[in-house]
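Please read them with the sequence and the coordinates open beside you.

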Amino acid sequence: MFDEYKEQNKSDVADLKNTGGRKAGAITAALFVGEFAEKRRGCTWTLPGTALLDKPKGYYVKGATGVPTRTLVNLVLSLNNTGDVANES
């Protein structure tokens, strides 16, 4: 990560704020989580406008789509079949 993005998470009233604004949002979100994750590996997921629909579309209903759900399920299943990557050092 680029440490210069940490500046965007600085706050005048708190130790740290949980949004760095629109510029580099995914990076500042990862830096925010990193402040609490110690030395563990991980990732963050940014869910843009695909998370909600104003009207039904295809097999999706109006409202929350659950778009990343299939991806997350497939990731967990693939990790289960190939070994636990999360606990490797």
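1. Confidence comes first: pLDDT is the predictor's confidence in each residue, on a scale from 0 to 100. The protein chain averages a pLDDT of 76, and 76% of the residues score at least 70. Where pLDDT is low, the predicted coordinates should not be read in detail.

2. On the conventions, residues are numbered from 1 along each chain as its sequence is written, and side-chain values use heavy atoms, with hydrogens and water left out. This is a predicted model, in which local features need pLDDT of at least 70 and side-chain atom pairs count only at pLDDT 80 or more, while totals for chains, interfaces and linings use all residues.

3. The protein chain contains 2 helices and 2 strands, which follow one another from the N terminus in the order α-β-β-α. Here helices (H or I, at least four residues) and strands (E, at least two) are DSSP runs, numbered from the N terminus.

4. Of the 89 residues in the protein chain, 8% are buried, where buried means under 20% relative accessible area, exposed means over 50%, and partly exposed lies in between (1.4 Å probe, protein chains only). The accessible surface of the protein chain, computed by the Shrake-Rupley method with a 1.4 Å probe, comes to about 7,800 Å², and 56% of this belongs to carbon and sulfur atoms.

5. Leaving aside residues up to four places away in sequence, Thr28 touches Tyr5, Gln8, Asn9, Gly20 and Lys23, a contact being heavy atoms within 4.5 Å. Across the protein chain, among contacts with a separation of 6 or more, 18% are between residues 24 or more positions apart.

6. The structure holds 2 aromatic pairs; rings of Phe, Tyr and Trp (its six-membered ring) pair if their centres lie within 6.5 Å, and planes under 30 degrees apart count as stacked, over 60 as edge-to-face and the rest as tilted. Phe32 and Phe36 form an edge-to-face pair, at 5.2 Å centre to centre and with 65 degrees between the planes; Phe32 is partly exposed at 23% relative accessibility, whereas Phe36 is exposed at 59%. Tyr59 and Tyr60 form a tilted pair, at 4.7 Å and 35 degrees, in which Tyr59 is exposed at 59% and Tyr60 is partly exposed at 26%.
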